Amino acid sequence: MRLMPKEVEQFRREGYLKIDKRVIDDEHLTVLREHYDAVFAQKRGTTGEGLRNLAVVGDSESSEDIDSAEEMLQIMEMWRFDEEYRKLLYHEPLLDIAESLIGSDIQLFHDQALYKPAYHGGEVYWHQDNAYWQCKPPNLVSIWIALDDADQENGCMNVIPGSYLEGLASHGRAESEKGKLPALLQVDADVDRAVPVPVKAGCVMVHHCMTLHQTNPNRSSRDRRALAIHYMPSGTRNREGEVMKDNLLLRGELA
Ligand SMILES: O=C(O)CCC(=O)C(=O)O
């Protein structure tokens, strides 16, 4: 599923791309949803083993503080907990999309399940991913996979087209009307330039690690389950300046 030249051009211009062609078929989607729910159910019974609520307000993000009134749930490294998600890292259509944008030597930076439950799904504030990651060079791309239809009612992605060309903005701790959110960063964004990116279940959107993006709370009656896979060109350095040679090689060769 290599991207067409015009899609690559659009990504280079805007720093994101919505792909309406199905990347995950219905049967695969059913399996992924079942396994997603099973991992979340299993993690809910534990503390400190991968599940975080990014909507927690306070000074610490420990799981004891989980405020179930608002939930922006995250499981980092989903592939380590479930074989279906490990296999998904090697799903050819996803790697073809990544290869069209970052070349043929592709490593996993990490993946994350991002779950906004119906009625009380929390917000993710305007940010650039590389404000968290500080990777060098900042050439990573993320494929955000919708496991449910994601739209403006249940918290689809909003992006600022072209923002990835404008450099890294200075981020601070996110703050809601209830207080500071220790797990999230936030930056001022020119919301007049924002565009929503609704994505149907089984389809994806791709964004550059310098693209400004955000998702709204989910007050609808529909869950919004998603998985983001963050890909890096082999040879990328972490915030300490070290080449991340131990990260999984998904396609091609190590630099
Ligand atoms: O899924 C969300 O609500 C936020 C996703 C996000 O910020 C990301 O994939 O970088």
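**Exercise 1.** Which strands each supply at least two residues of the shell around the ligand?

*Solution.* The model is a predicted one. Begin with the residues themselves: the ligand is surrounded by Leu114, Val124, Asp129, Ser142, Trp144, Gly155, His213, Thr215, Ala226 and Ala228. Next, assign them to strands. At least two residues of the shell come from each of strand E6 (141-146), strand E12 (213-215) and strand E13 (224-233).

**Exercise 2.** State which strands pair with E11, and over how many bridges.

*Solution.* Take the two partners in turn. Strand E1 (residues 16-19) is joined to E11 by four bridges, and the two strands run antiparallel. Within this pairing, Ile19 stands opposite Val204 of E11. E6 also pairs with E11 in the antiparallel sense, over five bridges. Here Ile145 is the residue opposite Val204 in E11.

**Exercise 3.** Determine whether the faces of E11 are covered or open.

*Solution.* First consider the strand as a whole: E11 comprises residues 204-208, and five of its five residues are buried. Then recall a general principle: side chains in a regular strand alternate between the two faces of the sheet. Now divide the strand by face. Val204, Val206 and His208 lie on one side, Met205 and His207 on the other, and all are buried. Both faces of E11 are therefore covered, a residue counting as buried when 20 or more other C-beta atoms lie within 10 Å of its own.

**Exercise 4.** Identify the residues with the most contacts inside the largest nonpolar core.

*Solution.* The largest nonpolar core has 63 residues. Those with the most contacts inside it are Ala98, Ile143, Ile145, Val204, Met205, Val206 and Ala226. By strand, the largest share of this core is that of E13, with six residues.

**Exercise 5.** Give the strand order of the open sheet of four strands and name its edge strands.

*Solution.* The order is E5-E12-E7-E10, with antiparallel pairing. Strand E5 (124-127) and strand E10 (195-197) are the edges, since each pairs on one side only. On average, neighbouring strands of this sheet are turned by 25° against each other, direction ignored. As a detail, E5 and E12 pair over two bridges, and His127 has His213 of E12 as its bridge partner.

Key
Residues are numbered from 1 along each chain as its sequence is written. This is a predicted model: local features need pLDDT of at least 70, side-chain atom pairs count only at pLDDT 80 or more; totals for chains, interfaces and linings use all residues. A residue is near a molecule or strand if its C-beta atom, placed from the backbone, lies within 6 Å of it. A nonpolar core is a set of buried Ala, Val, Leu, Ile, Met, Phe, Trp, Tyr and Cys residues joined through C-beta atoms within 7 Å. A residue is buried if 20 or more other C-beta atoms lie within 10 Å of its own, exposed if 12 or fewer, and partly exposed in between; C-beta atoms are placed from the backbone. Two strands pair if DSSP finds at least two bridges between them. Axes are lines fitted to C-alpha atoms, for helices over the stretch in contact, and angles run from 0 to 180 degrees between N-to-C directions.
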